[in-house]
Amino acid sequence: MHDHSIARVNRRSFLEGLAGTGLGMLGFNGMVQAEATKQLVRQQKHVVVFWLAGGVSQLETWDPKPGTETGGPFRSIATSVPGVEISELLPHTAQQMHHLAVVRSLNTNENAHDRGSILMQTGQPKDPGFVYPHMGAAFSSLLRSEENKLPGYITMNGGGQASEAAFLGSLHAPVQIDGDRGPSNLQPPEGMTAAKDLRRRQLRDRVSHRFAAARRQTDTEIYDASYEKAAALVDRRDIFDLDQVPGSERERYGDSQFGKHCLMVRRLLEHGVPFARIRHKHYDSHSENFNFHIEQLGEFDRPFATFISDLDERGLLDHTLIVCMAEFGRTPKINPRCGRDHWGTAWSVALGGCGIQRGAVVGSTIANGTEVKDREISSGHLFHTYYRAVGLDPSEEFYHNGRPFHRTDPKAAPIEELLV
Amino acid sequence: MEPILKADLRWLHAKAARNPAVGERASGDACVRCFSRSRWFDRFLALRALLLPIFWTTGALLQASFLVADEPLHERIDRLVSARTPNYENLAAPLASDEEFLRRVTLDLGGTLPTSDQTRTFLADDHPDKRSVCVDRLLASSDYARQMMHHLDVTLMLRLPQLSIPVPDWEKFLRNAVVENRGWDQVTRDILSCDGSDPDNRGPARFYLARKGDVDQITRDIGRIFLGTDLECAQCHDHPEIDEYRQQDYHGLAAFLVRSFVFTDEKKNAIFAEKAEGEVSFESVFAVRDNMSDGPQSIEPRLFDEFTMTEPDLPEEEAYQVKPADKVRPIPTFSRRAQLPQAIANGSNHRFARTAANRFWALMFGRGLIHPVDGDHSGNPPSHPELLNLLAEQFAAHQFDIKWFLRQLALSKTYQRSSVSLAAGEQAGETSDEMFARAILKPLSPTQLARSLFQATDTIAAERTVLGDGFTEEALEKKLIALERLFVRRFGGLPGEGPQDFEATVAQALFLSNNAEIQRLTLPKEGNLAHRLLKLPSDDPNGLVDELSLSVLTRRPTAEEQTDFSEYLVGVPADERPSAIGELIWALIASNEFRFNH
């Protein structure tokens with residue numbers, strides 16, 4: 001399925017100081033192989049998405065409006081970037097702002113969970129005629145190293161369907177990890193040596209291939225892929241064993257499941273996994289918006305900030321694009337139940353890490369937050385920016401069943417102020 | 001044989017085929033066999049000679065009438081499927097082999113696999129009617145009752161957690177309905193008419209009460225399950241993409257339920273009670289957004305444009321039989337909700353009949369004639385419109401007799417096609433699923449997977465041995481159900497969701513690969529398959545591979561497999577042999593071939 005004529009420079013030659021690096025560029029099937037012969041000097045790149053499910057309020061996070069009729073009860077606080085203030089509900093994150101950037105002028109015009117989610121994770125509105133892969137699958141296919149058997153797309157705490165990979169296939173479908181201890185049943189059964197495990201899996205594969213060869217394929221491929229990924233995880237089960245992490249480090253991430261997921265993702269990045277999505281729920285605060293956000297962001301703030309600073313300390317932040325977003329924001333107007341409703345008209349997204357201009361603030365909303373004031377941004381702009389940030393070409397076309405498609409919305413362009 | 005006797009036999013055979021309870025006794029063969037050469041037989045011969053012409057004419061007329069008016073449904077299915085696709089006969093896969101057929105039908109109708117002995121017997125049987133006999137045997141079995149109960153449970157309850165009504169009560173209601181072969185319309189009416197107020201009949205109320213009496217959730221699910229329409233989007237506005245799903249359709253259905261609410265009596269039992277007042281009120285959020293709304297509307301109870309209801313105009317003092325009061329469950333004089341079961345579940349409700357036929361078709365074939373099964377609208381026409389109309393009409397005409405319907409589907413050639421693609425010559429995309437030119441792969445449901453695993457590894461026999469003198473069917477069932485639950489948790493998907501595309505998660509692969517309980521099933525234990533295989537002489541690898549393949553894959557091994565499987569054990573030291581046999585069994589049960597019904 002993959003075109004092996006793509007030139008690959010392997011890790012060894014990098015270590016030997018040659019101008020080439022680890023990882024193959026595996027494009028979309030049938031893509032015009034524009035970069036096939038380019039040799040890029042770069043390390044493994046990663047993308048981590050923090051998905052604040054349900055729609056976190058921009059007014060309680062990145063774009064506070066204290067003292068206005070829409071601002072609510074919270075104040076804004078200074079951050080490590082002079083002149084930039086965010087909500088007081090994110091004190092630890094405020095100290096990491098010099099690693100982050102904020103877009104305050106997002107207008108996606110989409111207020112439905114499902115459609116908003118697709119728009120923010122594929123960069124394209126829901127198209128009845130064509131299913132675009134989610135960014136996890138896309139980046140898995142573009143950034144994943146052939147040598148690394150670990151899954152290319154991992155999602156923590158729910159929300160990963162095989163259909164997100166669309167035509168990219170089951171290799172790039174998300175692997176879901178729930179719970180505090182990572183996947184269960186990682187430990188091989190008693191008496192099962194690695195050699196015996198391999199032998200039985202190989203027999204399993206032979207039987208399965210003989211069966212699938214004579215029949216319609218897709219579902220059988222999905223099933224096979226699950227065993228491949230399972231085997232890779234069993235092989236590297238030490239990654240999920242947080243007891244191997246010094247107590248002081250674990251303490252900084254805290255005891256919440258979200259904190260543990262952040263730490264697991266850091267370890268996954270250290271082992272070359274290109275894309276992880278960490279889902280934190282639930283932010284759909286149609287009522288009691290302020291209580292909700294105190295609680296939710298109270299859990300979110302410190303592990304998120306720890307994650308950023310940890311990556312920085314380990315030299316990973318320069319190679320990891322961080323995106324913190326949701327399906328949409330929340331209404332400036334506070335409803336009778338003290339809640340905020342869905343709002344895609346003027347909201348915010350935070351980015352950081354690889355290729356991103358640290359401390360940048362792009363765009364603004366008017367005093368009460370109901371409109372974008374300047375520099376209106378769409379999901380398409382964001383996607384152009386993501387691709388450029390990790391060193392990929394966002395305008396590249398690819399072909400599927402003979403039809404050309406664009407990886408990102410051709411009507412949009414990268415947000416230059418956000419890029420280094 | 002003389003023509004008369006042939007006609008007799010065929011008529012009697014056909015009659016026996018329609019009435020399995022009568023069975024062999026009605027078969028002409030048996031009659032002839034039973035007769036011994038006696039005075040009575042001589043008189044019979046004489047009488048027969050006299051009545052010859054009469055039998056001849058009657059038989060011929062009956063045969064002729066069958067072919068015209070009473071061509072069996074399964075033959076009409078085949079004709080219509082073939083006629084719908086150009087070049088169908090060349091594109092279609094051949095009929096499934098006996099091995100393929102036996103495995104498929106045992107899974108579909110019995111929810112499990114046959115034993116290796118049952119497989120051997122079926123393969124060796126050369127009776128021309130053996131497939132239909134097999135279908136009848138399965139339909140009469142307790143395996144069918146369990147499998148159909150599980151299937152209906154998931155269809156109706158979407159794995160919602162227990163609430164208000166104990167799940168065993170609900171399952172008992174369903175199981176009784178299946179065992180009695182109650183018509184699907186009657187089952188539907190039983191469910192929709194139950195409020196839980198009768199202490200001896202609370203089971204069916206799970207449908208309403210596990211949904212917390214939530215009018216919107218119930219409206220949506222009634223639309224999806226019984227009427228083939230997912231009206232969710234139409235709650236807030238006319239459906240943006242489907243013209244026929246209007247906001248008034250959603251609220252017309254909701255209007256039957258809007259007066260209902262959950263009442264808790266002094267024994268803490270929840271009852272789905274009803275008031276005498278309350279109306280639906282709706283406004284399109286699009287119209288509101290665009291400042292084009294005329295304000296909130298209401299609508300009386302109706303089912304699309306097909307069924308409307310007249311409510312009696314009662315004076316206020318007569319509105320209640322039992323007036324609402326503190327701790328008193330109200331009973332209205334006229335109940336809107338009581339009109340719903342008959343309005344929905346009857347043969348002349350075309351949507352109901354079509355949805356019923358489509359859903360049971362999808363169960364057997366892996367894909368509805370309307371796909372998805374809750375997407376019935378003119379923008380999503382059936383792949384075989386004439387066939388679907390016929391099925392709906394026939395299912396209704398037979399009082400929604402589920403066993404009768406499934407039997408007809410199982411006897412069709414279309415059902416019995418192989419899943420194997422045409423060899424090398426087939427171009428990609430030449431056939432697609434909706435042509436029904438070959439069997440569609442169906443992933444095993446969680447309970448099918450569990451039961452198949454128990455059967456393939458002969459865990460059932462092992463558990464019998466373990467229970468020893470304490471063995472009862474009940475004790476055995478209890479153990480198996482506990483293991484079954486493991487599978488439902490792992491493979492059952494999210495509660496409240498309808499059927500989704502096939503998902504194979506890493507968590508499931510890890511479960512099947514490393515879970516200690518699963519591994520134990522594959523290792524030798526008195527009575528199970530691994531134990532049997534271990535006891536076979538190691539110089540007869542063919543015997544071992546044969547038994548392995550028949551038990552787990554329901555077929556004989558190919559020559560390639562004989563080599564592949566027996567080589568797995570070559571050179572394995574004696575103390576490692578049990579483990580190696582376990583690995584061999586595991587490789588098969590973890591394979592694609594096992595995971596799917598094909």
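Visitor: How many residues of chain B are in contact with residues of chain A?
Guide: Welcome! This is a predicted model, where local features need pLDDT of at least 70, side-chain atom pairs count only at pLDDT 80 or more, and totals for chains, interfaces and linings use all residues. Residues are numbered from 1 along each chain as its sequence is written, while chains are lettered from A and ligands numbered from 1 in the order in which they are written. Contact here asks that the C-beta atoms of two residues, placed from the backbone, lie within 7 Å; on that basis chain A contributes 36 residues, and chain B contributes 34.

Visitor: Which element gives the most to the side of chain B that touches chain A?
Guide: Helices (H or I, at least four residues) and strands (E, at least two) are DSSP runs, numbered from the N terminus. The elements of chain B giving two or more residues to this side are α23 (506–514), α24 (516–522), α27 (559–569), α28 (577–589) and α29 (592–595). With eight residues, the one that gives the most is α23(B).

Visitor: How many residues on that side of chain B are nonpolar?
Guide: Ala, Val, Leu, Ile, Met, Phe, Trp, Tyr, Cys and Pro count as nonpolar, Asp, Glu, Lys and Arg as charged, and the others, Gly among them, as polar. On the side of chain B that touches chain A, twelve residues are polar and six charged, and the nonpolar ones number 16.

Visitor: At what angle do the axes of α27(B) and α28(B) cross?
Guide: Axes are lines fitted to C-alpha atoms, for helices over the stretch in contact, and angles run from 0 to 180 degrees between N-to-C directions. The contact between this pair uses F565(B), Y568(B) and L569(B) from α27(B), and R577(B), A580(B) and L584(B) from α28(B). The two axes come within 9 Å and cross at roughly 150°.

Visitor: How many residues of helix α20 (residues 446–456) of chain B are buried?
Guide: A residue is buried if 20 or more other C-beta atoms lie within 10 Å of its own, exposed if 12 or fewer, and partly exposed in between, with C-beta atoms placed from the backbone. P446(B), R451(B) and A456(B) are among the buried residues of α20(B). This helix is mostly covered, and its buried count out of eleven is eleven.

Visitor: Which residue stands opposite Y153(A) in β7(A)?
Guide: Strand β5 (residues 153–156) of chain A is covered on both faces, and Y153(A) and T155(A) are buried on one of them. Four bridges join β5(A) in parallel to strand β7 (residues 275–280) of chain A. Opposite Y153(A) stands F275(A).

Visitor: How far apart do the C-alpha centres of domain 1 and domain 2 of chain A lie?
Guide: The bounds, from an automatic or database domain assignment, are 11–184 + 246–418 for domain 1 and 185–235 for domain 2. Twelve residues of domain 1 are in contact with nine of domain 2 in chain A. The distance between their C-alpha centres is 32 Å.

Technical notes:
Two strands pair if DSSP finds at least two bridges between them.
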